[in-house]
Amino acid sequence: MEFTSFAGNKRTVTSDVARRADFNEIPLISLEAPKEVLLEQLRDACTRVGFLYIQDHGVPQEKIDAVFNVAKNFFAQDGTTKNQINYKKSSILRGYEPPAEVRTDETRKPDLNEAFNWGYEKSLDPLPKAKEQPEWKANPMSGPNVWPEFPGFKEAIADYYGEILSLARRLIKLFACVLQLPEDFFDQFVSTPGAMGRLLHYPPQAANDAEALGIGAHTDIECFTILCQGNVPALQILNANGEWIQAPPVPGTFVVNIGDMLARWTNDRFISTVHRVWNVTGQERYSIPFFFGANYDSVITTLDSCLTEGQTKYEPVLAGDYVYRRLAASRMEKKQEIQGKA
Ligand SMILES: O=C(O)CCC(=O)C(=O)O
Ligand SMILES: [Fe+2]
């Protein structure tokens, strides 16, 4: 079988069934490891697998639990209430996405999940100097969030998002070191980052019906993702041999995976790995991904140190443009809009 992601990456798939993996296949890394050890483990994980678990990340469990709570309560509402903030009312896909409206894998039916999407706001950023940063120059992803009138919802998300944003800025410094760049190399690119969060709810599905999945096979768009999985196993990743392997939740960890923006920046030195969610546990599944990318008005040009004989596979792109086009490509109505413009 052959799979081509929306980023245009072709992957061979040997079988549609996922097997168990060990921590060599998806490394588990403590952020409290001595710096040299940590950098070597991150280098291995980012360049060999593109997926890892991080532990000792410092995000308080209560803040995580609080977001899962509001997520469950939000999705338990009726459709009419949730659709008051339907994402189609937002030009930048913020708000509620009902099931079966996003097709992440073009070879299957639209995804089964429902979602709530939000993005970066300076008011959610714990970095004091963020407030003084200039607004993004015009780009297709700038715009306001929409929040439901649901008690405690925004507060729980803001608390969690602040923690994850700080963790992401910590990680990108480590990635700069892995790439043998100055530790603060990326800081100017992530001062007001494109940083989207999602609450996701996946219904259980039958193991023998793969016409649609919780979320179809895809690569993530931004630099990297920090994913909090809850406790229901359903995430699978496609390894370099074209085999699906399971990436079950590990208590106390987040999954981190490299996305296409960092793959572009590093000319694929850091690998953006295909993954999907297929929930055959019989249980409702909730997860909270956070996608961390460059300020939407920055241009992503392959790093000189990552050129191969002076060449790169990737054209420079404006971050906001790239993210918008990719998001729109998997959303049916938006797709016509971008095809019209192309
Ligand atoms: O829910 C998950 O475990 C993964 C979600 C995901 O891959 C995504 O939202 O891009
Ligand atoms: Fe993903």
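Modeller: Helices (H or I, at least four residues) and strands (E, at least two) are DSSP runs, numbered from the N terminus. The model is predicted: local features need pLDDT of at least 70 and side-chain atom pairs pLDDT 80 or more, while totals for chains, interfaces and linings use all residues. Residues are numbered from 1 along each chain as its sequence is written, with chains lettered from A and ligands numbered from 1 in the order written.

Colleague: How far apart do the end C-alpha atoms of residues 192–294 lie?

Modeller: An unreviewed UniProt entry annotates residues 192–294 as "domain: Fe2OG dioxygenase"; such annotations may be inferred rather than shown by experiment. The span is 6% helix and 41% strand, and its end C-alpha atoms are separated by 8 Å.

Colleague: Which strands each supply at least two residues of the shell around ligand 1?

Modeller: A residue belongs to this shell if its C-beta atom, placed from the backbone, lies within 6 Å of the ligand. The shell comprises Arg198, Leu200, Ile215, Asp220, Leu227, Gln229, Leu235, His275, Val277, Ser287 and Pro289. At least two residues each come from β8 (194–202), β14 (275–277) and β15 (285–293).

Colleague: How many residues of strand β7 (residues 114–118) are buried?

Modeller: Buried residues have 20 or more other C-beta atoms within 10 Å of their own C-beta atom, placed from the backbone. In β7, Glu114, Phe116 and Trp118 point one way, Ala115 and Asn117 the other way, and all are buried. In a regular strand the side chains alternate between the two faces of the sheet. The buried count for β7 is five of five.

Colleague: Which residue of β8 stands opposite Trp118?

Modeller: Strands pair if DSSP finds at least two bridges between them. Strand β6 (residues 95–97) runs antiparallel to β7 over three bridges, and its Glu97 faces Ala115. β7 also pairs with β8, again antiparallel, through five bridges. There, the residue opposite Trp118 is Gly197.

Colleague: How many residues of helix α6 (residues 319–329) are buried?

Modeller: The buried positions are Ala319, Gly320, Tyr322, Val323, Tyr324, Arg326, Leu327 and Ala328. Helix α6 is thus mostly covered, with a buried count of eight of eleven.

Methods. Buried ≥ 20, exposed ≤ 12 C-beta atoms within 10 Å, placed from the backbone.
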